[in-house]
Amino acid sequence: MVQSTTASVRRFGFISFLFSALLMLPLLASAAADPGFEKWKQEFRKQALAEGITAETFDRAFKGIDSPDQWVLDKASFQPEFKAPAWQYFDNRITKFAVKRGREKKQELQPWLEKIEKKFGVNPNILLAIWSMESSFGAILDNQNVMRSVVRSLATLAYADPKRKKFGTNQLLAALKILQSGDIDESHLTGSWAGAMGHTQFIPTSYQAYAVDMDGDGKRDIWNSVPDALATAASLLSKNGWRSGETWGYEVTIPERKLPAGKLTIAEWEKLGVKRVRGQAFPRPDDVAELKVPAGRGGPAFLVLKNFFVIKRYNNSDRYALAVGILADQIGGAEPLTRDWKRPFTKLDHDEVVELQTKLKEKGFYDGEVDGKAGGETRKAILKFEESAGVELQGFPSKEVLELLRKK
Ligand code: CA
């Protein structure tokens, strides 16, 4: 599941952010038993038992969990100041690194990918792109800072987050049923702050609907078995109407005049002057398609098909589905987009972002991951650096900032 990132922190906003972070430290340090939580737990235990969870499963699942997880509540209450611009979203997801790693994984897993495609009819490149988007090919699962006990995270939301009480309760019941099924044990039932689990980040109810034991060991193990995780993603797409052998969409050029919103056939779009960018024919003129221009005129444009909307069943975001589609095409050997995202600075490649993060870290401006992805934390660190250097505050991961860092 994608997470939003803060796009900008203003000068004074940042100072007050630092102070509030300092004030929160004593709260974060306290992890003593919470009597309110204990009372909630006893009530919830009754509900769980009424829904078929055994006392043994419940007590095993909650062993040692006697307080909510403040980190989960901090994540849950985080509101980005505004939506990240398109360039930031796509730059961080469609990277040379992701394409290269995707191709390596394709080689490595070829027999499994063939079996999964035969069973579910989903193109392997799409599954590899989802795997990249969801967990960076499993890399985030090793990060203990962001992968927590699913039972504790969901209990925290059910107990202490009024907006997510229902979500937390329903997902927690599903998580207990997963434990009871024996697919995974409580020490390995880990996930994101919102309970998204394993290589392909399924929440417990989605796991129940779609999980697959692809490798045949008797467990639907999306945490440790890549074939299980990718087959589970394929199962979700297949059950939501994936059209085998068809693409998600095409990069197109659009005429100057105003175009209609909504769905038309490809043949109708062609009459309006929409063309594929390299002049190829559209294979099926009767397909119904919608036009997407995520960064406005001047940026890339796409005609998207049924499979685009199926990808949105994974994560209901146009940007998400586009990134999966574009990344999948490139893993499969397609050329990069003909039009770049509009961005107000000179772009860095993956290695340069790593260098930027490393230098920011060395100088004490950054304590996040050095992962080549310039998200909200990296941009905050750039702002801190720009402030100390006495230059204009922009927070962009740009060539200009990297060169300034190299000099200092
Ligand atoms: Ca398995």
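Asp 213 is partly exposed, with a relative accessible area of 25%. Asp 228, in contrast, is buried at 0%. (Buried denotes under 20% relative accessible area, exposed over 50%, and partly exposed the range in between, with a 1.4 Å probe and protein chains only.) The model is predicted; local features require pLDDT of at least 70, side-chain atom pairs count only at pLDDT 80 or more, and totals for chains, interfaces and linings use all residues. Residues are numbered from 1 along each chain as its sequence is written, and side-chain values use heavy atoms, with hydrogens and water left out.

Asp 213 lies in the loop between α11 (204-210) and α12 (226-239), and Asp 228 in helix α12, 15 residues apart. Helices (H or I, at least four residues) and strands (E, at least two) are DSSP runs, numbered from the N terminus.

Asp 183 occupies the loop between α10 (165-181) and β2 (190-191). Asp 183 is buried, with a relative accessible area of 7%. Its side chain makes polar contacts with the side chains of Ser 181 (2.9 Å) and Tyr 207 (3.4 Å). A polar contact is a pair of N or O atoms within 3.5 Å; within protein, one must be able to donate a hydrogen and the other to accept it, and residues adjacent in sequence count only if both atoms are side-chain atoms. Beyond four places in sequence, Asp 183 is in contact (heavy atoms within 4.5 Å) with Ile 178, Tyr 207, Gly 218, Lys 219 and Arg 220.

Five strands form an open antiparallel sheet in the order β4-β6-β7-β3-β5. Strands β4 (263-265) and β5 (275-276) stand at the edges; each has a single partner strand, so one side of each lacks a neighbour in the sheet. Two strands pair if DSSP finds at least two bridges between them. Strand β3 (residues 249-253) pairs with β7 (residues 301-304) in the antiparallel sense over 4 bridges. Glu 251 has Phe 302 in β7 as its bridge partner.
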